[in-house]
Amino acid sequence: MSFFEELKRRNVIRVAIAYGVAAWFVLQLADVVLENIGAPEWVMQTIMLFLAAGFPLVIIFAWAFEMTPEGIKKEKDVDRSQSIASVTGRKLDRMIIGVLTVTVAYLLIDKLVLQDTQPAPTETAQSVPVDIEVPVDSGPSVAVLPFINMSGDKENEYFSDGLTETLLHMLAQLPGLHVAARTSSFAFKGQNSSVEEIANTLGVAHILEGSVQKSGQRVRITAQLIRAQDGFHVWSQNYDRTLEDIFAIQDEIAEDVAAALDESLLGGTVKIAHIETSDIGAYDTYLRAMEQQSISSYGSLSNAESLFKQALAADPDFTDAKLALARNYFMQFNTGLIEEAQMQQTITPLLSQVRESQPENRLARAIEKLTRLHPEVMMDQDIFRAEVDELRALLPLIPAETYIRGQAATMIAYGLDQPEAGLEVIEAGLMVDPLSAELYAQQGNVYRKMEQYGDARDSFLKAIELDPLDPNHYGRMSGVSENLGDINGSFEWRLKNIKADPQDHEVAGAMARSFYNWGLPEEGDRWLARVRVLAPNSDILQRLQIDRAISHGDSDQVIAIAEKMIAAPAGMRHGSFPTAVFSYDTYMSRAGRYEEAYNFLVGIRPEITSFEQLPGDMQGVLMQWVSIELMSGFRSPEERKLVWQKFAQNLRANAPWWFDDPVDQSIDFLFMGDLESAIEKAREDLAQPLATWPIRDDSWDSPTWHPITSDPGIAARLSEIKREKQQARIQINEMLQGPEWQQ
């Protein structure tokens with residue numbers, strides 16, 4: 001008998017097959033169980049070692065021993081005529097078939113059920129829209145989903161989220177690797193969505209997910225990379241270290257993921273961008289600050305500022321914290337927490353420090369551009385265009401900076417009067433960050449510029465759906481409701497804005513202003529009192545005093561407050577200075593005090609009498625505009641036309657968007673002697689929904705505009721507006737009886 005035939009007779013081959021199948025099944029079960037209980041990596045390695053060591057022992061045992069009716073005996077002691085090896089072989093065959101059947105069943109369940117099922121959500125989160133379909137990138141691509149906080153303490157959520165964000169940032173620096181942006185990845189936090197659905201929505205081929213368990217000074221991290229096409233686990237690993245090793249763990253995970261995605265596709269040897277601190281305390285504080293900054297409310301931005309400063313106190317060379325703090329100051333300026341001068345004073349030294357050590361830092365350059373391009377800066381259009389073009393060229397190099405992209409898009413739409421180009425910038429961002437609430441919000445702002453108010457409303461609603469915690473979205477919905485003529489909706493959305501961000505005095509101020517404009521001074525006073533408590537020294541409070549005086553018909557008070565705000569001068573935010581200077585113009589003109597008002601303005605800013613170029617700031621430009629209007633009372637129409645022509649030419653060269661408004665167009669035509677066109681533009685303004693400017697009838701009531709308002713059609717429309725306002729007041733009073741307004 002040959003050696004092979006003897007192996008078969010003694011069932012050695014059957015035993016080897018049975019052992020191999022059973023060992024493989026044990027390993028699969030152990031992998032699932034150990035991963036779910038967070039067991040250390042060495043446990044799985046030990047099981048594999050024991051199974052491997054057992055294989056030769058089992059083979060030797062099968063060769064040397066045999067099962068008999070009397071028990072196990074040495075093979076040499078068994079009479080061949082009495083051997084039951086064939087019976088034992090049939091039993092082994094049935095066992096192999098049974099184990100294989102169980103194995104196939106397990107594979108089918110794993111393939112069809114387990115890999116399409118995500119862990120149950122650990123928190124309530126906003127629903128993820130499913131109507132966004134982005135083609136999966138053909139190159140290496142990945143989305144880093146928020147790592148699940150397994151610590152049992154909600155306070156540790158910032159740590160797991162921060163680890164996710166850091167890994168995302170590190171991977172995004174790899175050339176050739178497409179990484180879904182933070183806001184889109186975090187939209188799936190707590191969601192029960194399949195890997196395939198997430199990948200299709202974010203346009204990626206791989207998903208990196210995991211969990212974090214932080215306890216005292218130890219942290220346990222589990223990470224796995226999944227191929228979305230078939231659910232295959234490309235790579236997985238457990239990390240169990242002390243908290244001081246967190247930076248090394250992050251580096252390891254990023255490097256392992258890059259290697260698993262095939263370094264040849266990423267251009268060979270990869271270089272991971274490390275977090276630029278080795279101070280665990282600074283890093284921990286930085287993560288808390290980033291969590292606060294993402295909320296974008298008055299309170300959260302102030303909290304973030306304090307935390308960023310604490311991180312920098314612990315590590316003064318922490319570049320990421322410096323850039324995040326600089327971005328935070330710009331966000332504070334954008335939301336009215338600080339004035340333009342303070343914004344410049346705080347951001348400039350931070351960016352200078354970064355540029356000293358990293359002259360080509362792209363994010364620093366982008367933030368620097370933002371500080372130069374905000375609306376309060378007057379700039380020649382050619383220079384402005386060059387600055388915006390440079391900012392736009394930076395966007396593909398900082399794909400995760402969604403906030404900066406949104407700001408750039410609105411600058412293009414409004415500052416360059418190119419809304420279609422602004423939409424293109426937003427659409428390019430949505431390819432990287434398809435679930436970005438910020439991009440949808442800025443898309444809505446651009447649609448408002450294009451007067452596509454229905455589309456703007458839809459974009460703002462999408463932003464709210466994606467990020468209901470951001471209070472700014474509710475304010476935008478209030479504005480577009482006015483454009484659509486929805487008076488009650490405007491008030492209701494503004495109330496939601498106040499409830500979402502109760503510390504924001506500007507939103508309370510907008511509410512007070514609306515009530516004053518509709519002729520409801522008692523309700524306006526209620527919200528004015530809130531502004532006085534929150535921001536007793538703010539320009540907005542002074543501006544509201546003018547609105548209140550107008551509502552009460554107190555002309556002397558309007559003039560007195562306006563003079564103080566012009567002399568100071570007040571800031572531009574929310575129309576504080578414009579309200580002062582144009583109200584001063586109107587009420588001094590009604591009193592016939594044209595020349596007195598003109599001399600007051602010239603006494604403060606003598607340079608406004610020179611029309612060779614515009615003043616260097618927006619306040620000066622507005623004072624020059626109003627000074628020309630005041631000439632109507634003591635200069636000839638020819639003199640007024642001459643200076644207006646020079647002024648308008650300069651204004652169009654620096655801010656062409658200024659003449660988009662039909663009111664400004666009407667004034668332009670009037671001063672240039674084209675009364676017919678001036679009246680036509682006035683009709684266009686008066687045809688707009690009353691909700692956008694309830695006091696437009698009062699604003700047109702100035703002696704300077706009498707050539708326009710004397711037109712019978714214009715006069716009739718102004719009378720009609722007064723009746724509409726009266727009906728609207730009844731409607732608003734009915735709304736105020738609702739329980740939400742009684743709190």
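This section describes the overall composition, strand pairing, nonpolar cores and salt bridges of a predicted model.

The protein comprises 743 residues, of which 52% count as buried. Its secondary structure consists of 33 helices and eight strands. Among the contacts with a sequence separation of 6 or more, 64% are accounted for by residues 24 or more positions apart. The accessible surface of the protein amounts to about 33,500 Å², and carbon and sulfur atoms contribute 54% of this area.

Strand S7 (residues 218-227) is paired with two other strands. Strand S6 (residues 206-215) runs antiparallel to S7 and is joined to S7 by 10 bridges. Within this pairing, Ala223 of S7 stands opposite Gly210. S6 and S7 form a hairpin with two residues between the strands, in which Gly216 adopts a positive phi near 60°. Strand S8 (residues 232-242) is likewise antiparallel to S7, with 10 bridges between S7 and S8. Here Arg218 has Thr242 in S8 as its bridge partner. The hairpin of S7 and S8 has four residues between the strands, and Gly231 in the turn shows a positive phi of about 75°. S7 is mostly covered, with seven of its 10 residues buried.

The largest nonpolar core contains 113 residues, and those with the most contacts inside this core are Phe147, Leu171, Leu208, Ile221, Ile253, Tyr286 and Ile404. Helix H11 (residues 319-335) gives the most to this core, contributing nine residues. When residues up to four places away in sequence are not counted, Phe147 touches Leu208, Glu209, Gly210, Ser211 and Val212, as well as Ile221, Thr222 and Ala223. The contacts of Phe147 also include Ser160, Leu163, Thr164 and Leu167. Apart from the largest core lies another core, of 80 residues, among them Leu528, Met572, Met618 and Val663.

Side chains of opposite charge can pair when their charged atoms come close. With a cut-off of 4 Å between a side-chain nitrogen of Lys or Arg and a carboxyl oxygen of Asp or Glu, the count comes to 37 salt bridges. Two of the pairs lie within single helices. In helix H9 (residues 280-293), Asp284 and Arg288 are four residues apart, about one turn of the helix, and their side chains meet at 3.2 Å, N to O. Asp284 has a relative accessible area of 16% and is therefore buried, whereas Arg288, at 32%, counts as partly exposed. In helix H23 (residues 539-552), Arg543 and Asp547 are also four residues apart, about one turn of the helix, and the closest N and O atoms of this salt bridge are 2.7 Å apart. Both partners are buried in this case, with relative accessibilities of 5% for Asp547 and 10% for Arg543.

A further salt bridge joins Glu506 to Arg573, with the closest N and O atoms 2.5 Å apart. Glu506 belongs to helix H21 (residues 505-517) and Arg573 to the loop between helix H24 (555-567) and helix H25 (576-590), so this pair ties together parts that are 67 residues apart in sequence. Glu506 is buried, at a relative accessible area of 6%, while Arg573 is partly exposed, at 26%. Finally, a network of salt bridges links Arg365, Lys369 and Arg372 with Glu387 and Glu390.

How values were computed:
Residues are numbered from 1 along each chain as its sequence is written. This is a predicted model: local features need pLDDT of at least 70, side-chain atom pairs count only at pLDDT 80 or more; totals for chains, interfaces and linings use all residues. Side-chain values use heavy atoms; hydrogens and water are left out. Buried means under 20% relative accessible area, exposed over 50%, partly exposed in between (1.4 Å probe, protein chains only). A nonpolar core is a set of buried Ala, Val, Leu, Ile, Met, Phe, Trp, Tyr and Cys residues joined through side-chain atoms within 4.5 Å. Contact means heavy atoms within 4.5 Å. Accessible areas come from the Shrake-Rupley method with a 1.4 Å probe; for residues, only the protein chains shown count as cover. Two strands pair if DSSP finds at least two bridges between them.
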